[in-house]
Amino acid sequence: MRYLVFSLSFIISFNLFAQQTDVNYDENEIPDYKLPKLLITESGRKVKNVKRWEKKRRPELLEIFKHEIYGNIPEEIDISDVIVHEENGVFFDGLAKRKQVEIIFKKDDRELSADILIYTPKDSVKAPVFVGYNFSGNHTISYDPNIRLTESWVPDNPSWGIVHNQVTEQSRGVATDKWPVKKMIEAGYGVATVYCGDIDPDRDNFQDGIHPFSYQLGQFRPGYDEWGSISAWAWGLSKVMDYFTTDQDIDSTKVMVFGFSRMGKAAVWAAALDQRFAMCISNNSGCMGAALSRRRIGETIGIITYHFPHWFCENLNKYSGHEDKLPIDQHMLLGMIAPRPLYVTSATADLWSDPKGEFLSTLEAGKVYELYGKKGLPVTEMPAPNTPVSETVGYHIRTGKHDITPYDWEQFINFANKQFYSQPEE
Ligand code: GCU
């Protein structure tokens, strides 16, 4: 029966997709919508204080996001072994210390390992750290010749020498412009990264990565409310956090989870799930990241579930073309990051990610921060391009395309400085 219902909902969503191939970019074409109320419980009670938020509303919302959007994450998978491949590597003429650690997961005859690459300022005792995934291997973020090459499946990119889904020396440093490591080190921050495909290769194939670790006998893909790739990536970030709590070079109370685009979606979900992350940065995360789904502008649920069905649980298909039926919207996801600092970015030419929808949900999320006596965004209208605004919640829209640039990083560093080092005494 359950299968029948879902087969039907699949057919319906494919039909709806056919009606949605014309992407709307016109604000005037946005259907009337009403956001579900962040601070009213499912039983209709107002949430007026932190206690009710934390005991009632937040858990309620978390359950809905797990069940309807990203999929439930099994609890029982843990790190089995840790191998420190390198403890005291030197980089940037001695400015930074490089560490490379492999975390290994084992179940029956299965084994999965993920490499964490960590740079910290050479002289820092316990460094605050930015942590986020890269898209094509740790070795792509820097020309540092000592970074270990991943053996996981990587999307082909012949111009980078990535063929037959395996990286080669040729792809070293190809993403350097997106990872201004030196800048972070000079500002006193560490940076850690993992290749997303070490945890779950980004393809519609639930036979590799971490998913099979949770299968029952005879199961070949996650069930309708079980984890898609975004949940798997968020889970992976929590496992990295588990490791951080054991690493003396890292201040695990100051770990800032960040992500660009699909990894931005994973970062906000990780921060909502795991409150050990002290700060969250969403860079151009768009549909099913920071942007409101009900606006149906740029990428919609119908489009994203058609092209990237493996990112979500199957339940999300029900809302393709039925965004108004969603019991939640993305401002609630951001609200669950409160009271921890949150920074969201958009880009003027990234209409696919719906900059205005990203701004509006960030603004709305501020209501939860207020419960904690913190301030959300200090503005109510979208700021001009390249004009960052922040209190405990920050936002900017940069001129240019869908990207993560040195300008964005400059703002993240400024925001981190403000949150960690210039808060008035409470
Ligand atoms: C596609 C997808 C977006 C995603 C982006 C990315 O454009 O539609 O949802 O954010 O890829 O990850 O680069």
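Biologist: Which elements cover the buried residues of helix 9?

Modeller: This is a predicted model. In it, the cover over the buried residues of helix 9 includes helix 2 (50-70), helix 8 (330-335), strand 8 (342-347) and strand 10 (393-398).

Biologist: Which residues of helix 9 are buried?

Modeller: A residue counts as buried when its relative accessible area is under 20%. Helix 9 spans residues 355-371, and its buried residues include Pro355, Glu358, Phe359, Val368 and Tyr369. Also on that list are Gly357, Ser361, Thr362, Ala365 and Gly366. Just after the helix, Gly373 has a positive phi of about 75°.

Biologist: Where does Phe92 lie, and what is its phi?

Modeller: Phe92 sits in the loop that runs between strand 1 (81-91) and strand 2 (96-107). Its phi is near 50°, a positive value in a residue other than glycine.

Biologist: And Ser261: is it buried or exposed?

Modeller: Ser261 counts as buried because its relative accessibility is 13%, and the cut-off for buried is under 20%. Ser261 belongs to the loop between strand 6 (250-260) and helix 6 (262-273). It is not a glycine, yet its phi is positive, at about 60°.

Biologist: Which form, cis or trans, does the peptide bond from Ala338 to Pro339 take?

Modeller: That bond is cis, with omega near 5°. Pro339 itself is in the loop between helix 8 and strand 8. Both of those elements are among the cover over the buried residues of helix 9.

Biologist: How do I read the surroundings of a single side chain? Take Arg172: where is it found?

Modeller: Start with the place in the chain, then the accessibility, then the contacts. Arg172 is in the loop between strand 4 (127-134) and helix 3 (181-186). Its relative accessible area is 13%, so it is buried. A polar atom of its side chain lies 2.9 Å from the backbone oxygen of Ile147. Apart from neighbours within four places in sequence, the contacts of Arg172 are His139, Ser142, Tyr143, Asp144, Pro145, Asn146, Ile147 and Leu149.

Biologist: Is Val23 buried, exposed or partly exposed, and what is it in contact with?

Modeller: Val23 has a relative accessible area of 30%, so it is partly exposed. Its place is in the loop between helix 1 (2-19) and helix 2. Setting aside neighbours within four places in sequence, Val23 is in contact with Gly298, Ile303 and Trp352. Val23 and Arg296 are 273 residues apart in sequence, while their C-alpha atoms are 8.9 Å apart in space.

Biologist: What share of contacts in the whole protein joins residues at least 24 apart?

Modeller: Among contacts between residues at least 6 apart in sequence, the share is 69%. The protein has 10 helices and 10 strands, and 58% of its 426 residues count as buried.

Biologist: Why is the radius of gyration said to agree with a compact globule?

Modeller: A compact globule of 426 residues would have a radius of gyration near 22 Å, and the protein has 21 Å, so the two agree. The C-alpha atoms fill a box of roughly 55 × 55 × 40 Å along the principal axes.

Biologist: What does the surface come to, and how far apart are the mean positions of the charges?

Modeller: The accessible surface is about 18,000 Å², with 52% belonging to carbon and sulfur atoms. There are 46 positive and 58 negative charges, and their mean positions are 7 Å apart.

Terms used
Residues are numbered from 1 along each chain as its sequence is written. This is a predicted model: local features need pLDDT of at least 70, side-chain atom pairs count only at pLDDT 80 or more; totals for chains, interfaces and linings use all residues. Side-chain values use heavy atoms; hydrogens and water are left out. Helices (H or I, at least four residues) and strands (E, at least two) are DSSP runs, numbered from the N terminus. The radius of gyration is taken over C-alpha atoms; the globule rule is 2.2 Å times the number of residues to the power 0.38. Buried means under 20% relative accessible area, exposed over 50%, partly exposed in between (1.4 Å probe, protein chains only). Contact means heavy atoms within 4.5 Å. Accessible areas come from the Shrake-Rupley method with a 1.4 Å probe; for residues, only the protein chains shown count as cover. Lys and Arg count as positive and Asp and Glu as negative; His and the chain ends are not counted. The place of a charge is taken as NZ of Lys, CZ of Arg, CG of Asp or CD of Glu. A polar contact is a pair of N or O atoms within 3.5 Å; within protein, one must be able to donate a hydrogen and the other to accept it, and residues adjacent in sequence count only if both atoms are side-chain atoms.
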